[in-house]
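Here's a quick walk through the charged pairs and the overall build of this one. Have a look at the structure first.

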Amino acid sequence: MPLVSTNRLHKFFGKNHVLRGIKLDVEEGEVVTIVGRSGSGKSTLLRTLNGLESIDDGIIEVDGAKLEVDCADAASLRALRLKVGMVFQQFNLFPHLSAGQNVMLAPQVVKGTAKSETEDIARRMLERVGLAEKFDAFPDQLSGGQQQRVAVARAIVNDPVIILGDEPTGNLDSRTAEEIMALFQDLNSAGKTVILVTHEQDIAEHCKRIIRFRDGHIISDEKVASPADARQILAKMPAGDEMVTHV
Amino acid sequence: MMSFSLWDIVRNLLIGGALTLLLSLVAFVLGGATGMLVLLARIGKWRAPRALAQMHIELFQGTPLLLQLFTLFFGLSLFGLDVPAWLAAGLGLTLFTSAFLAEIWRGCVEAVPRGQWEASSCLAMTYWEQMRHVILPQAMRLSIAPTVGFAVQVVKGTAVTSIIGFAELTKTGSMIANATYQPFLVYSLVALGYFILCYPLSHYAQSLERKLHAAR
Ligand SMILES: Nc1ncnc2c1ncn2[C@@H]1O[C@H](COP(=O)(O)OP(=O)(O)OP(=O)(O)O)[C@@H](O)[C@H]1O
Ligand SMILES: [Mg+2]
C-alpha cells in the first residue's frame, strides 16, 4: 500500500482545467519533488493533498485517510490534516505569537493537550530544528531561515506521516536553503515522507524522486540514483553563522 | 425673569455633558457587542445570517442617523409602544454603531493575509479555532486605531438625539440658550464640551496608529 495515493484527480478554477487526471503513488520514506513551469499546477496538486484545495473529481488517500469529491466533511478533512504537515514559501508564521507559541498552538487547540505538556513538546520540536533558544522570540525577530525552521517545527508537531513543502526554500539564500534541505533530509531519515515543489534544479537534486509536471499532467517520473546530501554540500560551503543541527 | 449666573450655565451643561458621555459609552459598548455578532454573521459561512448582517449594515450605513432615530421614536409609538427619548436614543445609536463597527472590523479581518488561514487550516484547526486564535487577534490589532477613531464619531453623533428630546449636551445647550438669550456663549461652551470629550480620543487614535506602524 502506498502512503499517498491519488487517482483520476481533476481540478478546475472556473474554466481553467488545472489538474487533468493525476495518478500519483508515493511510498513511505520517499522524498519526492514536483518540478515544472510556473502555472503548470504544482502548488495546486500539493495543496489538494491536505485539502487546502477542493477537488472536482477523483480520490485522495493518505495513510488510510480518504478525501473524495462529495465527502470532504470536516471529520475526514481533520483526519487527513493530522497526517500531513505543510511548509510554505512565505513561512506564514503567526506574527502575534512567539516561536514557541506558534508550535504549541496546534496541540493545545486541536488536540486539547494540557499547556504544560504542549510547552515541553514545543521545546522539543524547536530543539529538533536547532532553535531551542528562540522559544520566546517573535517571528519578526527571526531571520528567514529561522522562521522557516519554526515553520517546520510547527508542521511536525502533530506528528504527521508526510511533510509537504511548497517552494520552502524559494525565499532563502542558497546556504540557508541548503540548511532547510538538510532539515528535510534529517526528517526523512527519521521516517517522514517528504513531498516538495520547487523551481530550482539544485534543490530538486536533493530528492529521491523527481516528478515533472506540465499543463496539469505528469510528464515524467524518475528515481534519482544518488540524491545530493545537503550536509555534505554545507560542509563544503563557506561557513554561515547559523548552526546546523541534528534531528 | 430668572437670571442665570455663568456657574448655573456651566453646571447644567456639565449634567448634559455627563449624559452625552453616558450615551456614548452605552452606544459604544452595546454597539461593539452587537457589531461583533454582526461581523461574525457577515463573514461566516451561513447564508441567511450573512444576508441579514449585510442588510443590517447597509440599512444603518445608508440612512441618516436622524431618520433612524425618528423611525424608532415615532415608528414604535404607532404600535402603541411608548418609547422614552433615552431608550430611542440608546437603541438608535447602538444599532448605528454596530453597523459601522462591523464594517470597520470586517476590513481588518480581511486584511489578515490568506497565508494565516492556510497555515492554521494545515494544523487541522476548525473555522472557529482559526478565528479565535489566529485571525481575530491579528485583526484586533489592526482595528484599534480605526475603532477609537470611530468612537469620536459616536460622541459627536449623540448630538442628533437632541432632536427627539433627549437632554444630552446639545439639547441642554439649546434650552439654556433660549432661556438666557446668550446663544453664542452657551453654544461655545457646548462646542468646548464636545472638544474635551473628543480630543483625547482622536489624539489617542493617532498615537496608536503611529505606534502600530512602528511595532509589529
Ligand atoms: N485560487 C485560485 N483561483 C483561480 N485560479 C488559480 C488559483 N490558484 C491557482 N490558480 C491557477 O491555476 C493554475 C495553476 O496554478 P499553480 O499555483 O498550481 O501553479 P504552479 O505550478 O504552482 O506555479 P508557480 O510555479 O508559479 O508557483 C494557474 O493557471 C493559476 O493561475
Ligand atoms: Mg506554486
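A salt bridge here is a side-chain nitrogen of Lys or Arg within 4 Å of a carboxyl oxygen of Asp or Glu. Over all chains, that rule gives 17 salt bridges.

Some ground rules: this is a predicted model, where local features need pLDDT of at least 70 and side-chain atom pairs count only at pLDDT 80 or more, while totals for chains, interfaces and linings use all residues. Residues are numbered from 1 along each chain as its sequence is written, chains are lettered from A and ligands numbered from 1 in the order in which they are written, and side-chain values use heavy atoms, with hydrogens and water left out.

| Pair | N to O distance |
|---|---|
| Arg47(A) and Glu118(B) | 2.8 Å |
| Glu119(A) and Arg123(A) | 3.3 Å |
| Glu118(B) and Arg114(B) | 3.5 Å |

Start with the salt bridge between Arg47(A) and Glu118(B). This pair crosses between chains, going from helix α1 (residues 42-48) of chain A to helix α5 (residues 114-122) of chain B. Helices (H or I, at least four residues) and strands (E, at least two) are DSSP runs, numbered from the N terminus. Arg47(A) counts as buried at 10% relative accessibility, and Glu118(B) is buried at 10% too. For the cut-offs, buried means under 20% relative accessible area, exposed over 50%, and partly exposed in between (1.4 Å probe, protein chains only).

Glu118(B) also pairs with Arg114(B). These two sit four residues apart in helix α5 of chain B, so about one helical turn separates them. Arg114(B) is exposed, at 59% relative accessible area. Elsewhere, shared partners link Glu30(A), Arg209(A), Asp221(A) and Lys223(A) into one salt-bridge network.

Glu119(A) is partly exposed at 28%, as is Arg123(A) at 36%.

Now for chain A as a whole. Chain A has eight helices and 10 strands. Its radius of gyration (over C-alpha atoms) is 18 Å, close to the 18 Å from the globule rule for 247 residues, so chain A is as compact as a globular protein of that length; the rule is 2.2 Å times the number of residues to the power 0.38. The C-alpha trace of chain A spans about 45 × 45 × 35 Å along its principal axes, and 55% of the 247 residues count as buried.
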